[in-house]
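Biologist: Hello! I am new to this structure and would like to go through its aromatic rings and its nonpolar core. Could you guide me?

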Amino acid sequence: MTTITENLERVRSQITDAAKKSGRSLDEIELVAISKTHDAAKVRAAYEAGQSLFGESKVQEARAKIPELPSSLRWHFVGHLQKNKIRHALPLFELFHGIDDVDLAREMNRIAEEQGMHPRILLEVNVAGEGSKFGFKPEKLHQQMEALLSLTRLSIEGLMTIPPLAEEAEASREFFVDLRENRDALEKEFDMKLPHLSMGMTNDFVVAVEEGATLVRVGTAIFGARSTMKMRRASEMSAD
């Protein structure tokens, strides 16, 4: 049985190889270890192996787990954020990967103002148009970007996507290219910088790195199968 340390070394090596292949600097790419459903002991083992950035998709689980671990750990929220969980989530996470509609963004902006916070966010884009997934349709995002930019408490730092589930990693490439091209178009149209592309999970993160990912969300390849198998839709819509 492989250990979490060995798994991390393998994932990091794959990221390094993909970066070299595509002529990218490794400094541009950060690994988010998706620890949802895995207990604090596993997270601690990854931390001791040199991993400091983790991702959770359930606010309640994160509120219980984070206090058990060293304060130097960094946390990203990678799931669908419910409006009634915003107040609890804001103090826990340094980046929210999946802001998926204007109303949610407005509510986050309102609560952030109350709390004196400036959340960093990524906008989730449903590039494949799947009915089962959250996220802005690309054309809608362009139409609603002005409204999002008016929310002065939010720092919009990039885009995120989850491609359709596929057996072959190569099937995800076109969706990663779509996300990158949408990012480039938004930057040009709105004269802004969107430095982050959150894309790629256990089955396709190598392809994502080749296509410009700055954040890859990898869970199963590090921690093994989830200790609690939730609804398939819930696992698909957040991260690996």
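Modeller: Gladly! Rings of Phe, Tyr and Trp pair if their centres lie within 6.5 Å. Please keep in mind that this is a predicted model.

Biologist: How many aromatic pairs does a search of the whole structure find?
Modeller: The whole structure was searched for such pairs, and the total is four.

Biologist: What kind of aromatic pair do Phe77 and Phe93 form?
Modeller: The ring centres of Phe77 and Phe93 are 5.2 Å apart, with 65 degrees between the planes. Planes over 60 degrees apart count as edge-to-face. The pair of Phe77 and Phe93 is therefore edge-to-face.

Biologist: Which parts of the chain does this pair tie together, and how far apart are they in sequence?
Modeller: Phe77 belongs to strand 3 (residues 74-77). Phe93 sits in the loop between helix 4 (86-89) and strand 4 (95-99), so the parts tied together are 16 residues apart in sequence.

Biologist: Is Phe93 buried or exposed?
Modeller: Its relative accessibility is 7%. Buried means under 20%, so Phe93 counts as buried.

Biologist: Which residues form one aromatic cluster?
Modeller: Phe77 also forms a tilted pair with Phe96, at 6.1 Å centre to centre and 45 degrees between the planes. That pair links strand 3 to strand 4. The one cluster consists of Phe77, Phe93 and Phe96.

Biologist: Which residues have the most contacts inside the largest nonpolar core?
Modeller: This core has 63 residues. One of those with the most contacts inside it is Phe96, and the others are Leu81, Leu123 and Leu148.

Definitions and conventions: Residues numbered from 1 in each chain as written. Predicted model: local features only at pLDDT ≥ 70, side-chain atom pairs only at ≥ 80, totals over all residues. Heavy atoms only, no water. Core = buried A, V, L, I, M, F, W, Y, C linked by side-chain atoms within 4.5 Å. Buried < 20%, exposed > 50% of the residue type's maximum accessible area, 1.4 Å probe, protein only. Phe/Tyr/Trp six-rings, centres within 6.5 Å; stacked < 30°, edge-to-face > 60°. Helix = DSSP H or I, 4+ residues; strand = E, 2+ residues; numbered from the N terminus.
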